[in-house]
Amino acid sequence: MPAKTKTIKQTEFIPSIKPIQVYEALLDGKKHSKLIGSKCTGKAAVGSSFTAWDGYISGKVLELDPGKRILQEWETTEWPENAPPSIVEWSFQDKDGGTKVTLIHSKVPSEQAASYQKGWIDFYWTPMKAYFEK
């Protein structure tokens, strides 16, 4: 019987920033490192691997639509044994002089969903807003 999973959906608005800037900051290892304040690797190429938070997060880029959408496989060092990777979809919309960013994180093991729900806020949205305010 497959493990139970949940989907996390969050949306944030980043003022005065173009969608391509957020897209690039999430895919380029050096920019991503500055964005969240921890070592990351990666590049904007389908099939490429990436890491974030000093290797705590790892995954693979599945699909790219520059400035509009990123689709990735995603897991952490705390991922349940034999559980398949989750799917992270970022989408970017030019809106009101800034960017509406939507995150859909699906196939999250149910027992970890609350932790990741809060983690996205604390470890991505909060530092992302601070990074782009500079």
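This is a predicted model: local features need pLDDT of at least 70, side-chain atom pairs count only at pLDDT 80 or more; totals for chains, interfaces and linings use all residues.

Me: Which cluster do ring pairs make here?

Reply: Trp79 and Tyr116 belong to a cluster, joined through ring pairs, that also takes in Trp74, Trp90, Trp120, Tyr124 and Trp125.

Me: And how many aromatic pairs does the count come to?

Reply: The count comes to 11 aromatic pairs. One of them is Tyr23 with Phe92, an edge-to-face pair whose centres are 6.2 Å apart and whose planes make an angle of 85°.

Me: Where in the chain do Tyr23 and Phe92 sit?

Reply: Tyr23 is in helix H1 (residues 19–27) and Phe92 is in strand E5 (residues 86–95), so that the pair links distant parts of the chain, 69 residues apart.

Me: Why is Tyr23 called buried?

Reply: Tyr23 counts as buried because its relative accessible area is 5%, which is under the 20% cut-off. Phe92 is buried as well, with a relative accessible area of 7%.

Me: Changing topic, where is Ser106?

Reply: Ser106 lies in strand E6, which covers residues 98–109.

Me: Is Ser106 buried or exposed?

Reply: Ser106 is buried, because its relative accessible area of 18% falls under the 20% limit.

Me: What is Ser106 in contact with, leaving aside neighbours within four places in sequence?

Reply: With those neighbours left aside, Ser106 is in contact with Lys6, Thr7, Ser86 and Ile87.

Key:
Residues are numbered from 1 along each chain as its sequence is written. Side-chain values use heavy atoms; hydrogens and water are left out. Rings of Phe, Tyr and Trp (its six-membered ring) pair if their centres lie within 6.5 Å; planes under 30 degrees apart count as stacked, over 60 as edge-to-face and the rest as tilted. Helices (H or I, at least four residues) and strands (E, at least two) are DSSP runs, numbered from the N terminus. Buried means under 20% relative accessible area, exposed over 50%, partly exposed in between (1.4 Å probe, protein chains only). Contact means heavy atoms within 4.5 Å.
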